[in-house]
Amino acid sequence: MPDDGAVPTPADVSALVAAFRERSRTPRLDYVRPAPDLDAALAAAGFAVDRAVPLLVPVEPVVPPAPAGWWWRR
């Protein structure tokens, strides 16, 4: 998870790829965008966006009503 303001270096990406490969895994990442510095570092290392999906965030938090017969009420 990138920290706010973090600027990954090519060495950081290489270390990440090495950690995946040491475990016989395909290097891949899921992260919340926008992260322009991370996007640039990954693109420079040959990573490509496989799928960019929207982040689902409620506009207003909603607490559903308690089921009938439930003893706890807000």
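**Surface patch**

I found a nonpolar surface patch of about 310 Å², made by Val32, Leu55 and Val57. Patch members need over 30% relative accessible area and no salt bridge, and nonpolar side chains are joined within 5 Å. A salt bridge would be a Lys or Arg side-chain nitrogen within 4 Å of a carboxyl oxygen of Asp or Glu. Areas are Shrake-Rupley with a 1.4 Å probe. I placed valine 57 in the segment after α2. Valine 57 counts as exposed because its relative accessibility is 56% (exposed is over 50%).

This is a predicted model, so I kept local features at pLDDT of at least 70 and side-chain atom pairs at 80 or more, while totals for chains, interfaces and linings use all residues. Numbering runs from 1 along each chain, and side-chain values use heavy atoms, without hydrogens or water.

**Backbone**

I checked the loop between α1 (10-22) and α2 (36-44), where proline 34 lies. Helices are DSSP runs of H or I, at least four residues. A cis peptide bond joins arginine 33 and proline 34, with omega about 10°. Serine 24 is in the loop between α1 and α2 too. Serine 24 has a positive phi of about 55° and is not a glycine. Most residues other than glycine have a negative phi, and most peptide bonds are trans. Serine 24 is exposed, because its relative accessibility is 66%.

Note on methods. Helices (H or I, at least four residues) and strands (E, at least two) are DSSP runs, numbered from the N terminus. Buried means under 20% relative accessible area, exposed over 50%, partly exposed in between (1.4 Å probe, protein chains only). Patches are made of residues with over 30% relative accessible area and no salt bridge: like charges are joined within 9 Å, nonpolar side chains (Val, Leu, Ile, Met, Phe, Trp, Tyr) within 5 Å.
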